[in-house]
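The sequence and the coordinates are shown first.

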Amino acid sequence: MSRVNRPVRHELRLIDEQVRRIYLLTNRLLQFVRPEAYAGNTERLDVGEVAAGCVDLVRHMLKDAAIRVELACPATRRVRISRSELQQVIVNLLTNAIHAMPEGGNLTLATRDWEGHGVTLHVRDTGRGIRKEDLPNLFNPFFTTRKQMGTGLGLSISYALVERYGGRITVESKVGQGAEFIVWLREDGSAAKPETDGLS
Ligand SMILES: Nc1ncnc2c1ncn2[C@@H]1O[C@H](COP(=O)(O)OP(=O)(O)OP(=O)(O)O)[C@@H](O)[C@H]1O
Ligand SMILES: [Mg+2]
C-alpha cells in the first residue's frame, strides 16, 4: 500500500471485517430459516474421529490463548448424520468454549456410548461458566452475551441440526467453573424418539 493511501488502511480493514460479519450473519440467517437446504448426505460416522478433525479446524484460535486440548473418545458406536452438519455443531461448541476462556484453560472433548441409542459427545471447558438465569435462554435465537461480536445463532442452529436427527444438546454449568455441553446423537439418525431414552 502506498504512502498516500496508508491513512485509510485502518478503515479498509474495518470495512473488510464488517463485510465478513455481514456474510456470516446472512449465511446463518439463511441456514436458520432453511436448514434442509444446507443438509448434506448422511453417513455412519465415528464421532470421535470427526471431533478430532474439528480440533484441527480451530487450532489457529488456540494459539493466542493458553488452552490445552484433551481428546478422550472411546465410544465404539457409530451414528448416522451428515458430516458437515456434525462438524458445524462441534466447531460451534469449540468456538464458544474458546471464547469463554480468554485467560486460557482446559478444553476436553469426550465420546461415550449411549447404551441402546447411540453416542454422546461431551465438550467441556474451564472458562467463565454460564449464569443460572441465562441457562434457559441459551438455545434461543439471537441470545448472546458477546455484544458486537456474536450473532447468538450458533447454539440455536446447532440445536436445530441435531434435533433433525432425533438428538438433543444439553448443558451443565456453574459460574466460574466452566461449562459442559453434551450432544446426544442417535445411532440410526432418525427423528423418532423411543420413550425410554431418558431424553424428553
Ligand atoms: N462454553 C460456554 N461458556 C460460557 N458461555 C457460553 C458457552 N457457550 C455458550 N455460551 C453463552 O451462550 C451464548 C449463546 O451462544 P451462541 O453460540 O448461540 O451465540 P454466540 O457465540 O454469542 O454468537 P455466534 O455463535 O452466533 O457467533 C453466548 O453468547 C454465551 O453467553
Ligand atoms: Mg457461538
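## Ligand site

In this predicted model, a polar side-chain atom of Thr145 lies 2.4 Å from an oxygen atom of ligand 1. Taken alone, ligand 1 exposes 600 Å², and the protein buries 94% of that area. A side-chain N or O atom of Asn96 is 2.8 Å from an oxygen atom of ligand 1. In the case of Leu155, a polar backbone atom is found 2.8 Å from a ligand oxygen.

Ligand 1 has 19 residues around it. Those that come nearest are Arg28, Thr144, Thr145, Thr151 and Leu155.

## Helix α4

Helix α4 covers residues 83–99 and contains 17 residues. From its first C-alpha to its last it reaches 24 Å, close to the 24 Å expected at 1.5 Å a residue. The buried residues of α4 are Glu85, Leu86, Val89, Ile90, Asn92, Leu93, Leu94, Thr95, Ala97 and Ile98.

## Salt bridges

Side chains of opposite charge can pair when their charged atoms come close. Across the whole structure, a search finds 10 salt bridges. One of the pairs is formed by Glu85 and Arg164, with the closest N and O atoms 3.3 Å apart. Because Glu85 belongs to helix α4 and Arg164 to helix α5 (residues 154–164), the pair ties together parts that are 79 residues apart in sequence. Glu85 counts as buried because its relative accessibility is 1%, below the cut-off of 20%. Arg164, with a relative accessible area of 33%, is partly exposed.

Another salt bridge joins the side chains of Glu180 and Arg124, at 3.5 Å from N to O. This pair links distant parts of the chain, since Glu180 is in strand β7 and Arg124 in strand β5 (residues 118–125), 56 residues apart. Glu180 is buried, its relative accessible area being 16%, whereas Arg124 counts as partly exposed at 31% relative accessibility.

## Charged residues within a helix and in a network

The side chains of Arg59 and Asp56 also meet in a salt bridge, at 3.3 Å from N to O. Arg59 and Asp56 are three residues apart in helix α3 (residues 47–62), so about one helical turn separates them. Arg59 is partly exposed, with a relative accessible area of 44%.

Which residues are linked in a network of salt bridges? They are Glu43, Glu49 and Arg83.

Arg186 is placed in strand β7, which spans residues 179–186. Is Arg186 buried or exposed? With 4% relative accessibility, Arg186 counts as buried, because buried means under 20% relative accessible area. Its side chain reaches the backbone oxygen of Gly166 at 2.5 Å.

## Surface positions and separations along the chain

Val8, Leu12, Ile15 and Val19 form a nonpolar patch on the surface. Together these four residues have about 340 Å² of accessible area. Val8 lies in the segment before α1 (9–33). With a relative accessible area of 40%, Val8 is partly exposed; this value is over the 30% that patch membership requires.

Thr76 occupies the loop between β2 (67–72) and β3 (79–82). It counts as exposed at 63% relative accessibility, because exposed means over 50%. The Thr76 side chain makes a polar contact of 2.9 Å with the side chain of Asp113. The C-alpha atoms of Thr76 and Thr111 are separated by 9.0 Å, although these residues are 35 residues apart along the chain.

Leu57 is found in helix α3 and is partly exposed, with a relative accessible area of 48%. Between Leu57 and Lys132 there are 31 Å in space, C-alpha to C-alpha, and the two residues are 75 residues apart in sequence.

How values were computed
Residues numbered from 1 in each chain as written. Chains lettered and ligands numbered in written order. Predicted model: local features only at pLDDT ≥ 70, side-chain atom pairs only at ≥ 80, totals over all residues. Heavy atoms only, no water. Patch = residues over 30% accessible without salt bridge, like charges linked within 9 Å, V, L, I, M, F, W, Y side chains within 5 Å. Areas by Shrake-Rupley, 256 points an atom, 1.4 Å probe, with all protein chains shown as cover. Helix = DSSP H or I, 4+ residues; strand = E, 2+ residues; numbered from the N terminus. Buried < 20%, exposed > 50% of the residue type's maximum accessible area, 1.4 Å probe, protein only. Near = heavy atom within 4 Å. Polar contact = N/O pair within 3.5 Å; in protein donor to acceptor, adjacent residues only side chain to side chain. Expected span 1.5 Å × (residues − 1).
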